[in-house]
Amino acid sequence: MAKEQSILRERIKTDLREPKRYKVIIHNDDFTTMDFVVMILVIVFFKTTAEAEKMMLDVHQKGQAVVGIYSYDIACSKVDKATRMARDNGYPLRLTVSPE
């Protein structure tokens with residue numbers, strides 16, 4: 001008798017989803033200089049000088065502004081870097097991460 005070969009293919013269900021996105025929000029305070037905020041936006045968030053100045057004015061007038069939308073890990077690392085730079089320069093700048 002001939003041997004039968006059977007190929008068993010198992011279907012694996014993969015549930016791939018887009019990662020959740022998080023907003024990085026910068027908050028206004030009375031001590032952090034406008035120039036420093038612009039510098040943070042250019043260095044940490046890679047904004048052009050014109051974009052950074054517009055965002056800085058939005059923060060100053062409205063109290064807060066969304067500076068970027070990222071995955072959770074990237075949002076947290078950008079907030080940590082900007083906060084560390086602010087503390088090293090003696091500013092109480094506050095940035096937060098919230099779900100989109």
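**View 1. The largest nonpolar core of the predicted model, which comprises 24 residues.** The residues with the most contacts inside this core are V24, I26, I40, F45, L93 and L95. Two or more core residues come from each of the following elements: strands β1 (21–27) and β2 (64–71), and helices α1 (34–43), α2 (49–62) and α3 (72–88). In soluble globular proteins, nonpolar side chains tend to be buried together.

**View 2. The surroundings of L95, one of the core residues with the most contacts.** With neighbours within four places in sequence set aside, L95 is in contact with V24, I25, I26 and H27, and also with F45, V79, A82 and T83.

**View 3. Residue H27 in strand β1.** H27 has a relative accessible area of 11% and is therefore classed as buried, since the limit for that class is under 20%. The side chains of H27 and Q64 are joined by a polar contact of 3.3 Å. When residues up to four places away in sequence are not counted, H27 touches V59, G63 and Q64, together with L93, R94, L95 and T96.

**View 4. Residue I69 in strand β2.** The relative accessibility of I69 is 31%, so this residue counts as partly exposed. Residues up to four places away in sequence not being counted, I69 touches R21, Y22, K23 and E100. The C-alpha atoms of I69 and I25 lie 9.2 Å apart in space, while the two residues are 44 residues apart in sequence.

Key:
Residues numbered from 1 in each chain as written. Predicted model: local features only at pLDDT ≥ 70, side-chain atom pairs only at ≥ 80, totals over all residues. Heavy atoms only, no water. Core = buried A, V, L, I, M, F, W, Y, C linked by side-chain atoms within 4.5 Å. Buried < 20%, exposed > 50% of the residue type's maximum accessible area, 1.4 Å probe, protein only. Helix = DSSP H or I, 4+ residues; strand = E, 2+ residues; numbered from the N terminus. Contact = heavy atoms within 4.5 Å. Polar contact = N/O pair within 3.5 Å; in protein donor to acceptor, adjacent residues only side chain to side chain.
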